[in-house]
Amino acid sequence: MPFILRRLVFYLVTAWVALTINFFIPRAMPGNAVQSIMSKFPNLQPAAYRALEALLGVGHPGSIWSQYTSYLDDIFHFNFGTDVSQYPASVSSLLGQTLPWTVTLVGTATVIAFLIGTGLGILAGWRHGGSLDRVLPGLMFLQAIPYFFFALILLELFASKFHVFPLGQGYAQGLIPGWHWDFISSAVYHSLLPALTIVLTSIAGWMLTMRNVMITTVGEDYVIAAQAKGLPNRRVIYTYAARNALLPQLQGFGLAVGFVVQGALVMEIVFSYPGIGLLLLNAVSSNDYPLMQAIFLVITFAVLLANLIVDVIVVFADPRARTREATL
Amino acid sequence: MTAVLPISAEPAALPQEETRPGRWRRMPAKAKAGATLLGVFVLAGIIGPLVTPYDPSFQNPAPSLSLHAPDSAHLLGTTQSGQDVLSQLLVGIRLTLELAFIVGVVATAMAVIVGVTAAFLGGVWDEVLSLLTNVFLVIPALPLLIVLLGYLQTKGQAATILVLTLLGWPWGARVIRAQTLAIRNRDFVAASRETGEKTWRIIAFEIIPNEVSLIAASFVNTVLYAIGASVALAFIGVADLTSWSLGTMLYWAESQQALQLGAWWWFVPPGLAVALIGTALVLLNTGIDELGNPRLRDAARTSRISGRWLPPAEPTPVLTEAFQRRGRLAGILHSFSRSSLLDENNGGQAR
């Protein structure tokens, strides 16, 4: 079984576990979620009430098994039900509006941070004990700052004090989203500070892991042999050491993406960025359980997809993943 | 280290010249810095709540004390409703550290139990537990935490601790399982098995003592996760907002627009405290890492020969022997994990 197929099966299992957890949470928790939603939104239609009951498993919507199958059926058709806090809007349309913002921002910023961090890590690992090692504690401090707090500080400095960047939102007020220059330039301008937050806070993590792998790799015999042959340093660093040190780094990327996404969700709140994190905050503050659950699923699937993409890259980067059969 | 000495440029720096430094002095510098910084905060958490100048919830009605900048009466200023920020901070450090410590202890204990059990029982148990560990490692915790806490009607400290613990064990379990698999096959374990030791005795007296640094690292990581997650949760508003933790302080500062009002003394101290505690833990963890892997240590001890840094000698390859004994089904299941790619590489090097 090829590597990529095995990983695919694993992600399918994980997705199924997430779906199942999502199904059982409202049914296992104490209290009546439908009642608390209805008390907050008294003018919901009876149809919405029945849909909520079916979704959260309150009342007598049938056996657990039939509930479960119809739940899975709904999910496969991207039918997350109707939203209660922004009533006639469907949950999937809300997700469709916010998801592109988050994916673009977090995706771009993460790739940039990964590239810069890995590059710095290569240098720091090669010149172990050099000047780059001395800035490590500072980078660790940056890494330890919660994303949202760092966002607050950047906002205070660059938006409130110096007015270099806007005070949040995804684009200037009055613009109509669409594929025209005004909107795109405004969106890019508004996303610079959030992106800077992600890049600065996550760079240290990439750098530290890459440095550590690199230090170990530089000590390997084949690297010493390459140096002994008199190859130029550039070639030894990039073709011999860094190329091999990059594999564990790539493999760690998948897991780390989850952390970055979580941090970015909370950060969006600070910037009032119109992404999925802000939607999540609204869902939390209005007890909108169906929306919260849909967001959980969507984020989980996004992280799984990111992992799968990393695996595809690993297959290209690592010949072992292509040639080796499963160890049966 | 001895392997390096003969070719070292300066054989003068032999160990007997040193006046046998104490255990503390032999620790890596990063670990010392981290432990000191963390100690300051732990001390603040223990003593702080006893010496708070004001009741953190007391709202001073005097209009002059609303959003008052720091002065001698209020060292860190006041909030919009006239509450003393320093008092809130001291109580908040206590509550946040308390929560993180409990989560760290319980989740690490779970990680040890799951990891050691999986590695020792092997077979179907190992497969199921490893799969479970990997699945929960990939599922992003924060959205799940929010959904879980959203449904819990009482969002008190206990609920947060419970839910954080429930999702905090997989990372540790995975590392500890790998290490246990490695140690399990070594001679001293085989010897004690031959002498008829019971399994629990082997686990408690042969395996666990050899994993102390790994368990410590796992604990530090879990505490780090618990602080980050609890602060983020409180910031979103999924927490007991009547109590004072570093997260709820930030929540109130944000929701009452401390930033827009220019009240930096309100939102900087709690965030800075979180960041410093986090830095201390990261430093501590890096230090623990260096204890286990001498190559990562500061280059002060490496010697430089003809322009090239010479790293200290190879560490004992314990982890590299991690995945060797594996049944048929376990092999299939393990091959699902991405770490399986690394195995062959390491196995090849170790031989």
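**A loop and the helices around it**

Ser272(A) sits in the loop between helix 11 (233-271) and helix 12 of chain A. The model is a predicted one. Start at this loop residue. Ser272(A) is not a glycine, yet its phi is positive, at about 50 degrees. Most residues other than glycine have a negative phi. Ser272(A) has 14 C-beta neighbours inside 10 Å, so it counts as partly exposed. The cut-offs behind that step are 20 or more for buried and 12 or fewer for exposed.

Now step back to the whole chain. Chain A has 14 helices and 0 strands. Read from the N terminus, its elements run α-α-α-α-α-α-α-α-α-α-α-α-α-α. Chain A has 328 residues, and 42% of them count as buried. Take the contacts in chain A with a separation of 6 or more: 73% of them come from residues 24 or more positions apart.

Next, follow helix 12 of chain A to its partners. Two packed helices are described by the angle between their axes and the distance between the axes. Helix 12 (residues 276-285) of chain A packs against helix 5 (residues 91-126) of chain A at an angle of about 135 degrees, and the axes are 7 Å apart. Helix 5 of chain A is therefore oblique to helix 12 of chain A. Helix 5 of chain A brings Leu94(A), Thr98(A), Leu99(A) and Thr102(A) to the contact, while helix 12 of chain A brings Ile276(A), Gly277(A) and Leu279(A). By class, this contact has 4 nonpolar, 3 polar and no charged residues.

The other partner is helix 13 (residues 289-317) of chain A. Its axis and that of helix 12 of chain A come within 8 Å and cross at roughly 150 degrees. Angles over 145 degrees count as roughly antiparallel, so helix 12 of chain A is roughly antiparallel to helix 13 of chain A. The crossing of these two helices is left-handed. From helix 12 of chain A, Ile276(A), Leu279(A), Leu280(A), Ala283(A) and Val284(A) take part; from helix 13 of chain A, Leu291(A), Met292(A) and Ile295(A) do. This contact has 8 nonpolar, no polar and no charged residues.

Finally, turn to chain B. Helix 11 (residues 246-255) of chain B has 9 of its 10 residues buried, so it is largely enclosed by the rest of the structure. Among the buried residues are Leu246(B), Met249(B), Trp252(B) and Glu254(B). Gln257(B) follows this helix, and its phi is positive, near 60 degrees.

Conventions. Residues are numbered from 1 along each chain as its sequence is written. Chains are lettered from A and ligands numbered from 1 in the order in which they are written. This is a predicted model: local features need pLDDT of at least 70, side-chain atom pairs count only at pLDDT 80 or more; totals for chains, interfaces and linings use all residues. Helices (H or I, at least four residues) and strands (E, at least two) are DSSP runs, numbered from the N terminus. Two residues are in contact if their C-beta atoms, placed from the backbone, lie within 7 Å. Axes are lines fitted to C-alpha atoms, for helices over the stretch in contact, and angles run from 0 to 180 degrees between N-to-C directions. Angles under 35 degrees count as roughly parallel, over 145 as roughly antiparallel, 65 to 115 as roughly perpendicular and the rest as oblique. Ala, Val, Leu, Ile, Met, Phe, Trp, Tyr, Cys and Pro count as nonpolar, Asp, Glu, Lys and Arg as charged, and the others, Gly among them, as polar. A crossing is left-handed if the near helix is turned anticlockwise from the far one by less than a right angle, and right-handed if clockwise.
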